[in-house]
Amino acid sequence: MTQKPFFTYKRTDIQILAPREQLNFFDTQSVILSREISAPEAWQMITSNPAPIMKFAFRVRDKISGWFGVKPIKGFSGQWPDNLQIGDQLDFFVVEHISPTVLTLTARDRHLDVMTCITTDRATLTITSSVKTHNAFGRLYMIPVETAHKLIVRADLKRIKRHLDRNHSPFA
């Protein structure tokens, strides 16, 4: 399998699909947490207990996209395989990079390519998403997704922060 090139954005650990000016969608959001967590731990926190709106969004996405022959993604299972490695699947994503501070995931099809890069730098958690569309359906698909994605990521970051703030102990 030929690995497609990735590009970095500002910080050298944030990976995106292409140079920023060539992307059809780009979003990066950060939160400062009460303690350090790893990038894989952040992803597990998001996917093991997704917000109810996420489950609804995935159902709507699968229903509408199915009319156009797009494979359903069914949302997040919360499953985390033992010994996760590059090339493994995490639900509908392929693992492109994994380390304590960076988890890079991609989903590619004939309509668009998506990359989500979760990074941690001390207690700062950042989620960066980049998309390149390939055709009219990909561009149309992204119209509602752009707004929803930004709101969902913001809510996920807040949920992680609240969870860690509630469960943070100075003696841990």
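**Exercise 1. Is Tyr141 buried, partly exposed or exposed, and what is its relative accessible area?**

Solution. The model is predicted, so local features need pLDDT of at least 70 and side-chain atom pairs count only at pLDDT 80 or more, whereas totals for chains, interfaces and linings use all residues. Residues are numbered from 1 along each chain as its sequence is written, and side-chain values use heavy atoms, with hydrogens and water left out.

Step 1. The classes are set by relative accessible area: buried means under 20%, exposed means over 50%, and partly exposed lies in between (1.4 Å probe, protein chains only).

Step 2. Tyr141 has a relative accessible area of 21% and is therefore partly exposed.

Step 3. Phe137 has a relative accessibility of 17%, so Phe137 counts as buried.

Step 4. Both Phe137 and Tyr141 belong to helix H3, where they are four residues apart, about one turn of the helix. Helices are DSSP runs (H or I, at least four residues) and strands likewise (E, at least two), numbered from the N terminus.

**Exercise 2. Describe the aromatic pairs, beginning with their number.**

Solution.

Step 1. Rings of Phe, Tyr and Trp (its six-membered ring) pair if their centres lie within 6.5 Å; planes under 30 degrees apart count as stacked, over 60 as edge-to-face and the rest as tilted. The structure contains seven aromatic pairs.

Step 2. One of them joins Trp43 and Phe93 in an edge-to-face arrangement, with 5.8 Å centre to centre and 80° between the planes. Trp43 is in helix H1 (residues 39-48) and Phe93 in strand S5 (residues 93-98), so this pair ties together parts that are 50 residues apart in sequence. Trp43 and Phe93 are both buried.

Step 3. Phe137 and Tyr141 also form an aromatic pair, which is tilted, at 6.2 Å centre to centre and 35° between the planes.

Step 4. A cluster linked by ring pairs comprises Trp43, Phe58, Phe76, Phe92 and Phe93.

**Exercise 3. Determine how many salt bridges there are and describe examples.**

Solution.

Step 1. A salt bridge requires a side-chain nitrogen of Lys or Arg within 4 Å of a carboxyl oxygen of Asp or Glu. The count by this rule is six salt bridges.

Step 2. In the bridge between Asp62 and Arg61, the closest N and O atoms are 2.9 Å apart. Asp62 and Arg61 are both buried.

Step 3. Asp121 and Arg122 meet through their side chains in a salt bridge of 3.7 Å, N to O. Asp121 is partly exposed, because its relative accessible area is 35%, and Arg122 is exposed, because its value is 64%.

Step 4. A further salt bridge, 3.2 Å from N to O, connects the side chains of Asp156 and Arg159. These residues are three apart in helix H3, so about one helical turn separates Asp156 from Arg159. Asp156 counts as buried because its relative accessibility is 8%.

**Exercise 4. Identify the residues of the positive surface patch and of the nonpolar surface patch.**

Solution.

Step 1. Patches are made of residues with over 30% relative accessible area and no salt bridge; like charges are joined within 9 Å, and nonpolar side chains (Val, Leu, Ile, Met, Phe, Trp, Tyr) within 5 Å. Lys and Arg count as positive and Asp and Glu as negative, while His and the chain ends are not counted. The place of a charge is NZ of Lys, CZ of Arg, CG of Asp or CD of Glu. Accessible areas come from the Shrake-Rupley method with a 1.4 Å probe; for residues, only the protein chains shown count as cover.

Step 2. The positive patch on the surface gathers Arg20, Lys150, Arg154, Lys158, Arg162 and Arg166. Within this group, Lys158 is in helix H3 (residues 136-167), and Lys158 counts as partly exposed because its relative accessibility is 47%.

Step 3. Ile53, Phe56, Val60, Ile64, Trp67 and Phe68 make a nonpolar surface patch of about 630 Å². Ile64 belongs to helix H2; its relative accessible area is 40%, so Ile64 is partly exposed.

**Exercise 5. Locate Asn83 and Asp91, and state the phi of Asn83 and of Asp91.**

Solution.

Step 1. Asn83 is placed in the loop between helix H2 (52-66) and strand S4 (89-90). Although Asn83 is not a glycine, its phi is positive, about 55°. Asn83 counts as exposed because its relative accessibility is 61%.

Step 2. Asp91 occupies the loop between S4 and S5. Asp91 is not a glycine, yet has a positive phi of about 55°. With a relative accessible area of 28%, Asp91 is partly exposed.
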